Amino acid sequence: MALLDRNSNIRLRDIQHLHFEKSSVYVAPRPYHALAFRVSGTALFSHDALPTKTAAPGSITYMPANFCYTADYTERNEIYVIHFDTDANPDIEIFELFSPQVTYNLFKNAHHIWNYAGLSYYHHAMSVFYEILANLSSQTSKFYKSELYKSFYEAVEFMKANYTDCSLTIDRLSKIAYMSNTYFRKLFFERFGETPSKYLTNLRIEHAVNLLSKGNLTISEVALLSGFTDTKYFCRVIKKIYGYPPSKIFIHKA
């Protein structure tokens, strides 16, 4: 997909949360591209030169710029859609996702940032948009299309969605993947270049640093909200990575 090409230049226009009642609508060519996550409802997209495409709940629809089509909403539809400019010129495409919940959360977060995040909204929303593209690239790669790896990917996405859960362990993730602990660790390292334990810790630390930057929580609260039950261990990890304890990290970073 040309949209996922690393050389594509992208500029966001807007991010919307839309609802469509049961209807048939002709959509005239628009000067921007659209990437939409379908929360609920099914839509059929048709164009004179192309076969009809069906977008089910939990899928992503890509509509290129300057493209006209007819949308048949067989029931009430809810979507989050991102409008943007890019120099890529791909065709209309529907993406079926193995783990739509994480993708849904990213779209919802992007919409919230675009509308409520203040002065820094654009670059923050742009970073989430690139997360969406990375997630889409992963879920459509040959690696994850294999039946063998679907459960592995689901376990990885479960980790990304639940890393702040203090009870989340690698053993639990391996069970979600229907693999032995040893094989899950081996496969994870081959795919990501680091152990699942380190990956999980990094997710938690990144979240913790974000909470620390707000300055309205105690160290113990930040640790617990980030998935650490042991505050002393949390402090040791922070100091090992940043060279300072949590209480001083932003003093020194400033």
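In this predicted model, the lining of the largest pocket is made up of 8 nonpolar, 8 polar and 5 charged residues. That pocket has a volume of about 900 Å³, while the second largest pocket holds about 240 Å³ of space. The points below take each pocket in turn and then move on to the sheet.

**The largest pocket**

- The lining of the largest pocket consists of 21 residues, and those that lie nearest its centre are Leu106, Asn109, Glu131, Lys160 and Tyr163.
- Two or more residues of this lining come from each of the following elements: helix H1 (100-116), helix H2 (121-140), helix H4 (147-162) and helix H7 (196-214).

**The second largest pocket**

- With a volume of about 240 Å³, the second largest pocket is lined by 17 residues, of which Phe20, Arg30, Tyr69, Tyr73 and Ile79 are the closest to its centre.
- The elements that each give two or more residues to the lining of this second pocket are strands, namely S1 (10-20), S2 (23-27), S3 (33-40), S6 (59-63), S7 (69-73) and S8 (77-86).
- Strand S3 contributes the most to the lining of the second largest pocket, giving 4 residues.
- Sorted by class, the lining of the second largest pocket contains 13 nonpolar, 2 polar and 2 charged residues.

**The sheet**

- An open sheet is formed by 5 strands, which follow one another in the order S1-S8-S3-S6-S9 with antiparallel pairing.
- Strands S1 and S9 (93-96) stand at the edges of the sheet and have a single partner strand each, so one side of each is left without a neighbour in the sheet.
- On average, and with direction ignored, neighbouring strands of this sheet are turned by 20 degrees against each other.
- Within the sheet, S3 and S6 pair in the antiparallel sense over 4 bridges, and Phe37 stands opposite Ile60 in S6.

**Helices packed on the sheet**

- Helix H1 packs on the sheet, where it touches S1, S3, S6 and S8, and the direction of H1 makes about 105 degrees with that of S1.
- Helix H2 also packs on the sheet, touching S1, S3, S6, S8 and S9, and the direction of H2 makes about 75 degrees with that of S1.

Conventions:
Residues numbered from 1 in each chain as written. Predicted model: local features only at pLDDT ≥ 70, side-chain atom pairs only at ≥ 80, totals over all residues. Heavy atoms only, no water. 1 Å grid on protein atoms, 1.4 Å probe; cavity = no way out; pocket = protein on both sides within 12 Å on 5 of 7 lines; lining within 4 Å. Points joined across faces, edges and corners; volume = space filled by probe spheres on them. Nonpolar A, V, L, I, M, F, W, Y, C, P; charged D, E, K, R; others polar. Pairing = 2+ DSSP bridges. Axes fitted to C-alpha atoms, helices over the stretch in contact; angles between N-to-C directions. Contact = heavy atoms within 4.5 Å.
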